[in-house]
Amino acid sequence: QTQGNAYSFNGTNTYAKLGEMLKDVKTIEFWIKPNSSINVSSDIQPVLVRDIDGMAFIGYEEFALFFDGSQGVNPGKLTFRVGDGTQNATIYSDRNTWNADQWYHVAAVVDPVEGMMLFIDGKKQTSTHEYSEATGNSTRKTTIGCWGDLYIRFFEGKIDDIRFSSEA
C-alpha cells in the first residue's frame, strides 16, 4: 500500500515482494519513517530481507536490514547483515532510539575494499565489518516490511525511495 510516494506498512500483515532479484548488490538506500518510536524495548522489525534458511537458530541471511528487538544482541539498533550461507557479517547503527513520524535516510554499503558500512542521515556509523562480498544469486524472495519469504515479523511505518546499486 502506498501513501503519496511512500510505501506504508501496518506492522501486522502488509509487505511488498521484490521477487528473485538483487544479484551483485553493494549498496541499498532508502528513507524510513516509523509510525511509533523504536527503542530497546521494541519488537524486531524487518525493513528489507532475503533469507536463506528461514531464520533457523543459526540463521544465515543473504541480507537483512532490520531493527533488532528487545531479545536481540543490540536492541533498538538498525542492523545490517550479509551472509553467504556459511557465515554472517553484521553491523549496527550507533543509535538505538528512532522517533515516531521522523524520516531517516539509510545507506547500507558492502565495499570490496573497506567492507561493510552503514550510514544514517549521511553519517557513517561506528560499527563496520571487513566482509566484502556483494549479494549472490538466489531463488528466495526479497521482501520489504517483513522477514523474507517467511512473511513473518512486520514493520510499522513508511519506506520510500528504495535504491539498489551494484556500486559501493
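Guide: Buried means under 20% relative accessible area, exposed over 50%, and partly exposed in between (1.4 Å probe, protein chains only). This is a predicted model, in which local features need pLDDT of at least 70 and side-chain atom pairs count only at pLDDT 80 or more, while totals for chains, interfaces and linings use all residues. Residues are numbered from 1 along each chain as its sequence is written, and side-chain values use heavy atoms, without hydrogens and water.

Visitor: Which residues touch the most other members of the largest nonpolar core?

Guide: They are Phe30, Ile32, Leu65 and Phe80, in a core of 29 residues. Such a core joins buried Ala, Val, Leu, Ile, Met, Phe, Trp, Tyr and Cys through side-chain atoms within 4.5 Å.

Visitor: And which strands supply at least two residues each?

Guide: Among them are strand 4 (27–34), strand 5 (45–51), strand 6 (61–67) and strand 9 (104–111). Strand 9 gives the most, with four residues. Strands are DSSP runs of E, at least two residues, numbered from the N terminus.

Visitor: What does Ile32 touch?

Guide: Leaving aside residues up to four places away in sequence, Ile32 touches Val47, Phe67, Gln102, Trp103, Tyr104, Val106, Phe155, Lys158 and Ile159. Contact means heavy atoms within 4.5 Å.

Visitor: What lies apart from this core?

Guide: Another core, of five residues, lies apart from it, and its members include Ile44, Ala64, Phe66 and Trp147.

Visitor: Changing topic, how many aromatic pairs are there?

Guide: A search of the whole structure finds seven. Rings of Phe, Tyr and Trp (its six-membered ring) pair if their centres lie within 6.5 Å; planes under 30 degrees apart count as stacked, over 60 as edge-to-face and the rest as tilted.

Visitor: Why is the pair of Phe9 and Phe155 edge-to-face?

Guide: Their planes stand at 65 degrees, with the ring centres 6.4 Å apart, so the pair is edge-to-face. It links distant parts of the chain, 146 residues apart: Phe9 belongs to strand 2 (residues 6–10), and Phe155 to the loop between strand 12 (142–144) and strand 13 (156–165). Both Phe9 and Phe155 are buried.

Visitor: What about Trp98 and Tyr104?

Guide: That pair is also edge-to-face, because the planes are at 80 degrees, with centres 4.9 Å apart. Trp98 and Tyr104 are both buried.

Visitor: Lastly, is Thr14 buried or exposed?

Guide: Thr14 is buried, with a relative accessible area of 16%. Thr14 sits in the loop between strand 2 and strand 3 (16–19). Not counting residues up to four places away in sequence, Thr14 touches Ser8, Phe9, Gly145 and Phe154.
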